[in-house]
Amino acid sequence: MSAGWITALTFSVYQTVRNHLHGHVWPHADAFLAGVVGGSMPPFLTAGGLLLKVQLQNEHGLHGSGTLGLLRKLFREHGVSRVVGRMYAASLPINLMADSMGRGTYFACYDICKTYLVDSDGKLSLPRRILAAGFSGAAGWTSIYPLDTLRSRKLALPLFPPATA
């Protein structure tokens with residue numbers, strides 16, 4: 001799944017939820033809550049792939065097997081249902097927490113920045129939009145940095161640790 005599809009999914013869910021929340025919660029809270037919901041959708045599609053990517057980067061005994069080679073090896077040794085279950089159990093919870101909080105923070109900060117950066121006629125110029133997006137992206141990543149560190153460490157553990165005697 002490409003980053004473009006994931007971003008489109010996030011923004012579509014965000015906008016739909018925000019439209020439903022508008023006027024029912026505190027100012028800017030609708031942006032945060034809609035961002036949390038929008039950010040919680042992609043991990044269901046990407047969590048397994050992210051785990052595989054990290055496993056390949058660490059090459060837990062896989063030496064050059066590639067993604068499909070890794071999947072074949074895991075499926076052959078442990079069975080499809082056990083591998084898929086372990087992949088999502090290991091990566092989905094931490095990805096949900098990090099992605100939903102990061103997106104919620106991003107959208108809330110962007111919403112707040114827009115209110116302060118509009119010019120006298122109520123318009124937001126392109127340079128100001130870029131500034132708001134940049135600040136919001138930094139705030140979003142800063143808010144999840146500890147979770148991202150935990151996520152990286154958790155995903156780096158072997159999916160099926162070797163048995164000890």
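How many residues apart in helix H4 are Glu-77 and Lys-73? Four, or about one helical turn, within a helix that covers residues 66-78. (Helices are DSSP runs of H or I, at least four residues, numbered from the N terminus.)

Before you click further: this is a predicted model, where local features need pLDDT of at least 70 and side-chain atom pairs count only at pLDDT 80 or more, while totals for chains, interfaces and linings use all residues. Residues are numbered from 1 along each chain as its sequence is written, and side-chain values use heavy atoms, with hydrogens and water left out.

Stay on Glu-77 and Lys-73: their side chains form a salt bridge, N to O, at 3.4 Å. That term means a side-chain nitrogen of Lys or Arg within 4 Å of a carboxyl oxygen of Asp or Glu, and the count by this rule is five. Lys-73 is partly exposed at 26% relative accessibility; buried would be under 20% relative accessible area and exposed over 50%, with partly exposed in between (1.4 Å probe, protein chains only).

Next, select Arg-18 and Asp-30, a salt bridge with 3.1 Å from N to O. Arg-18 sits in helix H1 (residues 3-21) and Asp-30 in helix H2 (residues 29-40), so this pair ties together parts 12 residues apart in sequence. Arg-18 is buried at 15%, and Asp-30 is buried too, at 5%.

Now jump to helix H6 (residues 126-156), where Arg-151 and Asp-148 are three residues apart, about one helical turn. Their closest N and O atoms are 2.7 Å apart, in another salt bridge. Arg-151 is buried at 8%, as is Asp-148 at 19%.

Conventions: Helix = DSSP H or I, 4+ residues; strand = E, 2+ residues; numbered from the N terminus.
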